[in-house]
Amino acid sequence: MTESVAKGNVIVKLESFFDSWILQGWKDPIVTLQSVGKLSGWLDNPRIVQPCMDAIIEKILAEPSKVTWSYTYTRPGYSKKDRHSVPKDWWTEDVSELELDLFRSIISTVRVTKKLPPALIGEALHVYACKHLPDPMETQGLLAQSSTARTEETLAKGKRVLESIVSMIPSERGSVSGRFLLRLLKIANHVGASSSTKAELVRRSGRQLDEAMPGDLLIPLPSNPQEYDVGIVEAVLENFLIQLRRPIPPEENGRMLGSMARVATIFDSYLQVIAQDTDFPVSKFCDLAEFLPEMARQEHDGLYRAIDTYLKEHPDLSKAERKRLCQMINCQKLSPAARSHAIGNDRLPLRTIVQLLFVEQERAGGAGSNHGVPPVRSSNEVSAARVTQDDGRRPRQGSDEGLQHRGEPVQGRRVKSVEMRRMGRSTSESRMTRKEKERAVEKGEGSGSKIRLNQ
């Protein structure tokens, strides 16, 4: 029925109600778009969809102070805060309920206006991803119980949502967090995203790697969720290191050094998890540990813990393999507690123990006092203390408990036994040069027999 037949027909009344009531509210246009999306073909109707989207975009771009908030904001933790002003991201949760194409159109239009900060756009993407992209580890069991067709449909939907979100992330650094980028990378591996999407996530994750946590780097392999993708973590770290090769303004030096230190801590904690894999090759572990340059590690406590974990989980390593692992540890960069623990650690090669004792002696001498650390007088004493030890047969001691009890009795016992063995020897032993000591130690390690020096 048209106006030519009768005035005030139903169509005119509906249009008037739509313009004066539906489009004037906030939630009503969203509910309308949700309802239209459930009807086949209705999303192509410009007389309904476009006015609703325009109304939503207009309200998103309004100043928060001009928004009449209904206090239906349900973001976690917000209800516990006593706030009376409207938050800047008040609209993100409601908009995340929309179908992907509608959500993408709204976000794209808002971005073009450049009236909202990139971080606010990133927050909207984060909310949408949390609602539509569950954690791969949580859905793994559900997918295993589903049919093949259902599994493929779920993965295809996840891939579509993920690639759309990645394409909408603002180019500005910090528009989304590094942890969020690594989560998207984990999901990208799970759903089989395109190589270009993965490359973009790897690049951006590398730029913000200092914001991550060690668990964020544990990215399961698509073929076997029980194993982790080490190669993709190397690619992320490589993109972080690229920043070190570029000219840096003097005022950025401090920030970059801080970022390197944080990444080193994160990466060494990640290595501790990888070290627990009994099938992980020692050569690959060494290559992975050495991937981070020496200058990035201001201290080696984390690296030592990772290597000690690997030695504990791989008791059948050869002497050469243990030596290769421990060569990565800079004894000068260990804290006093870590050095004390390492000196009493029977998993370490003899050469490493000797180096640790030299460092301990030098630091004690440089400070002018022992600070509770018994003096070490010669490498004869060190070798005598360990001469009866067989690295492959002795019960393993001084492992994780040592770091929990500072002021080790273990070290005291070791040095006390050294003093006992030292009695009756000639004073010429204490005048051996350091090179002679190290050569004697290397000779003892290489022969595989008990070491006796100048006896």
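This is a predicted model: local features need pLDDT of at least 70, side-chain atom pairs count only at pLDDT 80 or more; totals for chains, interfaces and linings use all residues.
Visitor: What makes helix 12 roughly parallel to helix 14?

Guide: Start with the axes of helix 12 (residues 253-274) and helix 14 (residues 301-313), which come within 8 Å and cross at roughly 5°. Angles under 35 degrees count as roughly parallel, so helix 12 is roughly parallel to helix 14.

Visitor: Which residues meet there?

Guide: From helix 12 come Asp-268, Leu-271 and Gln-272, and they meet Gly-302, Leu-303, Arg-305, Ala-306 and Thr-309 in helix 14. The residues of this contact divide into three nonpolar, three polar and two charged.

Visitor: How many aromatic pairs are there?

Guide: The count comes to four aromatic pairs.

Visitor: Why is the pair of Phe-103 and Tyr-128 called stacked?

Guide: The ring centres of Phe-103 and Tyr-128 are 4.1 Å apart, with the planes at 15°. Ring centres within 6.5 Å make a pair, and planes under 30 degrees apart count as stacked, so this pair is stacked. Phe-103 lies in helix 5 (residues 100-113) and Tyr-128 in helix 6 (residues 118-132), so the pair ties together parts that are 25 residues apart in sequence.

Visitor: How do you know whether Phe-103 is buried or exposed?

Guide: Buried means under 20% relative accessible area. Phe-103 has 0% relative accessibility, so Phe-103 counts as buried. Tyr-128, at 2%, counts as buried too.

Visitor: What makes Phe-285 and Tyr-310 a stacked pair?

Guide: Their ring centres are 4.7 Å apart and their planes stand at 25°. That angle is under the 30 degrees cut-off, so the pair is stacked. Phe-285 sits in helix 13 (residues 282-289) and Tyr-310 in helix 14, 25 residues apart.

Visitor: How do you know that Lys-333 and Glu-294 form a salt bridge?

Guide: The closest N and O atoms of Lys-333 and Glu-294 are 2.9 Å apart. The cut-off is 4 Å, so the two form a salt bridge. Lys-333 lies in the loop between helix 15 (319-326) and helix 16 (336-343), and Glu-294 in the loop between helix 13 and helix 14, so the pair ties together parts that are 39 residues apart in sequence.

Visitor: How many salt bridges does the structure hold?

Guide: The structure holds 18 salt bridges. Glu-99, Asp-101, Arg-104 and Arg-160 are linked in a network of them.

Methods
Residues are numbered from 1 along each chain as its sequence is written. Side-chain values use heavy atoms; hydrogens and water are left out. Axes are lines fitted to C-alpha atoms, for helices over the stretch in contact, and angles run from 0 to 180 degrees between N-to-C directions. Helices (H or I, at least four residues) and strands (E, at least two) are DSSP runs, numbered from the N terminus. Angles under 35 degrees count as roughly parallel, over 145 as roughly antiparallel, 65 to 115 as roughly perpendicular and the rest as oblique. Contact means heavy atoms within 4.5 Å. Ala, Val, Leu, Ile, Met, Phe, Trp, Tyr, Cys and Pro count as nonpolar, Asp, Glu, Lys and Arg as charged, and the others, Gly among them, as polar. Rings of Phe, Tyr and Trp (its six-membered ring) pair if their centres lie within 6.5 Å; planes under 30 degrees apart count as stacked, over 60 as edge-to-face and the rest as tilted. Buried means under 20% relative accessible area, exposed over 50%, partly exposed in between (1.4 Å probe, protein chains only). A salt bridge is a side-chain nitrogen of Lys or Arg within 4 Å of a carboxyl oxygen of Asp or Glu.
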